[in-house]
Amino acid sequence: MREDLHRAVRVPTCSLRVFRTAKFNIPTEGHCDIQDLTPTLRKHLEDSGLHEGQALVFIPGSTAGITTVEFEPGLVRDLHEFFEKIIPEQRDYHHHATWGDDNGASHLRAALLKPSLTIPFADGQLLLGTWQQVVLVDFDTHKRRRTVVLQLIGE
Amino acid sequence: MREDLHRAVRVPTCSLRVFRTAKFNIPTEGHCDIQDLTPTLRKHLEDSGLHEGQALVFIPGSTAGITTVEFEPGLVRDLHEFFEKIIPEQRDYHHHATWGDDNGASHLRAALLKPSLTIPFADGQLLLGTWQQVVLVDFDTHKRRRTVVLQLIGE
Amino acid sequence: MREDLHRAVRVPTCSLRVFRTAKFNIPTEGHCDIQDLTPTLRKHLEDSGLHEGQALVFIPGSTAGITTVEFEPGLVRDLHEFFEKIIPEQRDYHHHATWGDDNGASHLRAALLKPSLTIPFADGQLLLGTWQQVVLVDFDTHKRRRTVVLQLIGE
């Protein structure tokens, strides 16, 4: 009888789980300020004890985005110049007429870059390239204290 | 014996599950028509009874995308003008020569914006900013009846 | 008693699981070379036996991206021309001064397109449109042997 019980209980094994949603604060300068989130993600993953699964990084708000980049000062300047070229900050956007805001460019850039990124991990390690960092890009036109959401799913 | 049974059964607790995949239809006007999906997502999440996890929004098809934006008429016009500037509708794309289509711009815009977005939720609420809506952007050159896929994972 | 046991065991049913993380190699030509990953994804999904869930496709490295497109030669040329227009390869980027590299454009394009894409599946089928393929876009300035990560979650 005990044999049967143990066999029955093992059948629905399922170690997959949502690890508790984490939020962490990042001060930014706005104007395409780029902040490296990778060390914080690595720490959270290590603390979770999970070994295989996915890390979702999400920025609530419509004037910032999440992507990956080789985080070095040259590329940070290149990204600033790229976004300024295709969506200049000092233009008169229709959005400004709606609310008297000055950050139409911030909204357009954020809609293009998008607020969400999912990174797989295995053996307890994010499967990023050696020169690939997960970054928050804040397009708003002033300093902000951003709250980034991190959610781990895995086993 | 009943004590042992109950203890054994509790060990593999796992409340994580895929909630049934939902599809819902959205009529659009094409030409960068932007539709707010947020109320539908909120309703689906509420109906699911899930409290913590992720909502995947996906648009099948290669001429539309999913992103977030502050959904107000000024920004809708700004987005139209932005996509028209970087990828004009009335140009002669190589794609037109392949099939006799007229929607090369629609395909390029969609490949850039991408068809997928994952939003975390906790306490039964999508973790969006106050002025951040999840939108479908239909870049096709005519009216469409789109089918958006929503998949909830969580507990 | 056996009745009770079976009822108890069924309560925590949970068929959701992380399927083993897969990596597969893709040789590319660089310079915005576009490779169709869809047949490989379909094969992996079929082999997994999963019927409902999500496929995460991720490219480690900061000079390539993942998106969907109707994979036909005309659009491949259109995408080349689009990326060359907004982020030309032969420009002097600040990144070049940092490491003596020549691939600043590759990094900018990759940060814009992003390395991650999640596709839902149901009834064992990816919920893609008929003319929608999942593609790797390699922006680097030379031939590469890329390793793409595929992670299936589902039941």
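**Close-up views of a predicted three-chain model**

Among contacts in chain A between residues at least 6 apart in sequence, 81% join residues at least 24 apart; two residues are in contact if their C-beta atoms, placed from the backbone, lie within 7 Å. This is a predicted model, in which local features need pLDDT of at least 70 and side-chain atom pairs count only at pLDDT 80 or more, while totals for chains, interfaces and linings use all residues. Residues are numbered from 1 along each chain as its sequence is written, and chains are lettered from A and ligands numbered from 1 in the order in which they are written.

View 1. Chain A has 5 helices and 9 strands, where helices (H or I, at least four residues) and strands (E, at least two) are DSSP runs numbered from the N terminus. Along the sequence the elements follow the pattern α-β-β-β-α-β-β-α-α-α-β-β-β-β. Of the 155 residues in chain A, 49% count as buried. A residue is buried if 20 or more other C-beta atoms lie within 10 Å of its own, exposed if 12 or fewer, and partly exposed in between, with C-beta atoms placed from the backbone. The mean pLDDT of chain A is 90, and 89% of its residues reach 70 or more; pLDDT is the predictor's confidence in each residue, from 0 to 100. Over residues 1-13 of chain A, pLDDT stays under 50, and the model has 16 contacts beyond four places in sequence for this stretch. For the complex, the predictor gives an ipTM of 0.90 and a pTM of 0.92.

**View 2. The largest nonpolar core and B:Val57.** The largest nonpolar core holds 125 residues; such a core is a set of buried Ala, Val, Leu, Ile, Met, Phe, Trp, Tyr and Cys residues joined through C-beta atoms within 7 Å. The members that touch the most others are A:Val57, B:Val57, B:Leu79, C:Val57 and C:Leu79. Not counting residues up to four places away in sequence, B:Val57 touches B:Leu37, B:Leu41, B:Ile66, B:Leu117, B:Val134, B:Val148 and B:Leu150. In soluble globular proteins, nonpolar side chains tend to be buried together.

**View 3. Helix H5 of chain A against helix H3 of chain B.** Helix H5 (residues 104-113) of chain A packs on helix H3 (residues 73-86) of chain B at an angle of about 65°, with the axes 10 Å apart. Axes are lines fitted to C-alpha atoms, for helices over the stretch in contact, and angles run from 0 to 180 degrees between N-to-C directions. The crossing of H5(A) and H3(B) is right-handed, a term used if the near helix is turned clockwise from the far one by less than a right angle, anticlockwise being left-handed. H5(A) contributes A:Gly104, A:His107, A:Leu108 and A:Ala111 to the contact, and H3(B) contributes B:Leu75, B:Asp78, B:Leu79 and B:Phe82. By class, these residues are 5 nonpolar, 2 polar and 1 charged; Ala, Val, Leu, Ile, Met, Phe, Trp, Tyr, Cys and Pro count as nonpolar, Asp, Glu, Lys and Arg as charged, and the others, Gly among them, as polar.

**View 4. Helix H5 of chain B against helix H3 of chain C.** The axes of helix H5 (residues 104-113) of chain B and helix H3 (residues 73-86) of chain C come within 10 Å and cross at roughly 65°. This crossing of H5(B) and H3(C) is right-handed. The contact joins B:Gly104, B:His107, B:Leu108 and B:Ala111 to C:Leu75, C:Asp78, C:Leu79 and C:Phe82.

**View 5. C:His94 beside chain A.** C:His94 lies in helix H4 (residues 94-99) of chain C. It counts as partly exposed because 17 C-beta neighbours lie inside 10 Å. Leaving aside neighbours within four places in sequence, C:His94 is in contact with A:Gly74, A:Arg77 and A:Asp78.

View 6. C:Gln54 is placed in strand E4 (residues 53-58) of chain C and is buried, since 26 other C-beta atoms lie within 10 Å. Beyond four places in sequence, C:Gln54 touches B:Leu56, B:Gln151, C:Thr118, C:Ile119, C:Pro120, C:Ile153 and C:Gly154.

**View 7. Two loop residues with positive phi.** B:Asp123, in the loop between strands E6 (116-122) and E7 (125-126) of chain B, has a phi near 50°. B:Asp123 is exposed, because 8 C-beta neighbours lie inside 10 Å. C:Lys114 has a phi of about 75° and is buried, with 21 other C-beta atoms within 10 Å.
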